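Subject: Structure handover and notes

Dear colleague,

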Amino acid sequence: MKQEDLHSKFISLLREYERIIYKICYLYADNEADRQDLYQEIVIQVWKGYQNFRGEAKFSTWLYQVAINTAIAGFRKEKKSPLTYSADGSLPEMADINYGEKETEQLEQLYAAISRLNDIEKAVVMLYLDDNSYEEMENIMGIPNGALRVKMTRIKEKLRQLTKNN
């Protein structure tokens, strides 16, 4: 494939699936500047790996894998502690949704609870909330299906406890 065609296809796929990147940035960064930095880093890593993308998995599955690994590795490298929820900015896909006061409060509580999870748990929750099957989650995370189901059950209980205490 010519470089021009490769670039055009990449930009097209990136636009189609950019919400995945936004969601990961929202979960792993606590302010707008960090979200933008993480977004750029993910796009760079996706571009670096794109020429080697063989298409054996769906592009979205591969994108999740690269984006989650970039987010987790970046924070390990910088030795940041788990981030807390901050309502100082929102990403584009969140801006289009108008929730009532009660729903907004519930979402804020949920995101605050999710922010207290470890990096792997955050990734599992995000994939689950995006309606990925356990098989897709297994391909993205590299965690066996049965272990994912157990982990998700434990995460749900942890989130119940975290939101009950708020």
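Predicted model: local features only at pLDDT ≥ 70, side-chain atom pairs only at ≥ 80, totals over all residues.

Residues are numbered from 1 along each chain as its sequence is written, and side-chain values use heavy atoms, with hydrogens and water left out.

The overall picture

The protein chain has 8 helices and 0 strands, where helices (H or I, at least four residues) and strands (E, at least two) are DSSP runs numbered from the N terminus. Of its 166 residues, 37% count as buried; buried means under 20% relative accessible area, exposed means over 50%, and partly exposed lies in between, with a 1.4 Å probe and protein chains only. The chain exposes about 10,100 Å², of which carbon and sulfur atoms supply 47%, the areas coming from the Shrake-Rupley method with a 1.4 Å probe and, for residues, with only the protein chains shown counting as cover. Among contacts (heavy atoms within 4.5 Å) between residues at least 6 apart in sequence, 69% join residues at least 24 apart.

Buried residues in helix 1 include Leu-6, Phe-10, Leu-13, Ile-20 and Ile-24.

The largest nonpolar core holds 46 residues, and within it Ile-24 and Ile-68 touch the most other members. A nonpolar core is here a set of buried Ala, Val, Leu, Ile, Met, Phe, Trp, Tyr and Cys residues joined through side-chain atoms within 4.5 Å. The elements that give two or more residues to this core are helices 1, 2, 3, 5, 6, 7 and 8, and helix 1 gives the most, with 12 residues. Leaving aside neighbours within four places in sequence, Ile-24 is in contact with Leu-38, Ile-42, Tyr-64, Ala-67, Ile-68, Ala-71 and Met-126.

Salt bridges

How many salt bridges does a search of the whole structure find? The search finds 6, a salt bridge being a side-chain nitrogen of Lys or Arg within 4 Å of a carboxyl oxygen of Asp or Glu.

One of them joins the side chains of Lys-58 and Glu-136 (2.6 Å, N to O). Lys-58 lies in the loop between helix 2 (32–50) and helix 3 (59–78) and Glu-136 lies in helix 7 (residues 134–141), so the pair ties together parts that are 78 residues apart in sequence. Lys-58 is partly exposed, with a relative accessible area of 47%, whereas Glu-136 is buried at 18%.

Another joins Glu-121 and Lys-158 (3.0 Å, N to O). Because Glu-121 lies in helix 6 (residues 119–129) and Lys-158 in helix 8 (residues 145–164), this pair ties together parts that are 37 residues apart in sequence. Glu-121 is buried, with a relative accessible area of 12%, and Lys-158 is partly exposed, at 34%.

The side chains of Glu-56 and Arg-54 also meet in a salt bridge (3.1 Å, N to O), and both Glu-56 and Arg-54 are exposed.

Single residues to look at

Thr-61 lies in helix 3 and counts as buried at 6% relative accessibility. Not counting residues up to four places away in sequence, Thr-61 touches Glu-136, Asn-139 and Ile-140, and Glu-136 is the partner of Lys-58 in the salt bridge described above.

Gly-74 also lies in helix 3 and is buried, with a relative accessible area of 18%. Gly-74 and Leu-38 are 36 residues apart in sequence and 8.3 Å apart in space, C-alpha to C-alpha.

Asp-131, finally, is found in the loop between helix 6 and helix 7 and counts as exposed at 69% relative accessibility. Its phi is near 65°, a positive value in a residue other than glycine.

With best wishes
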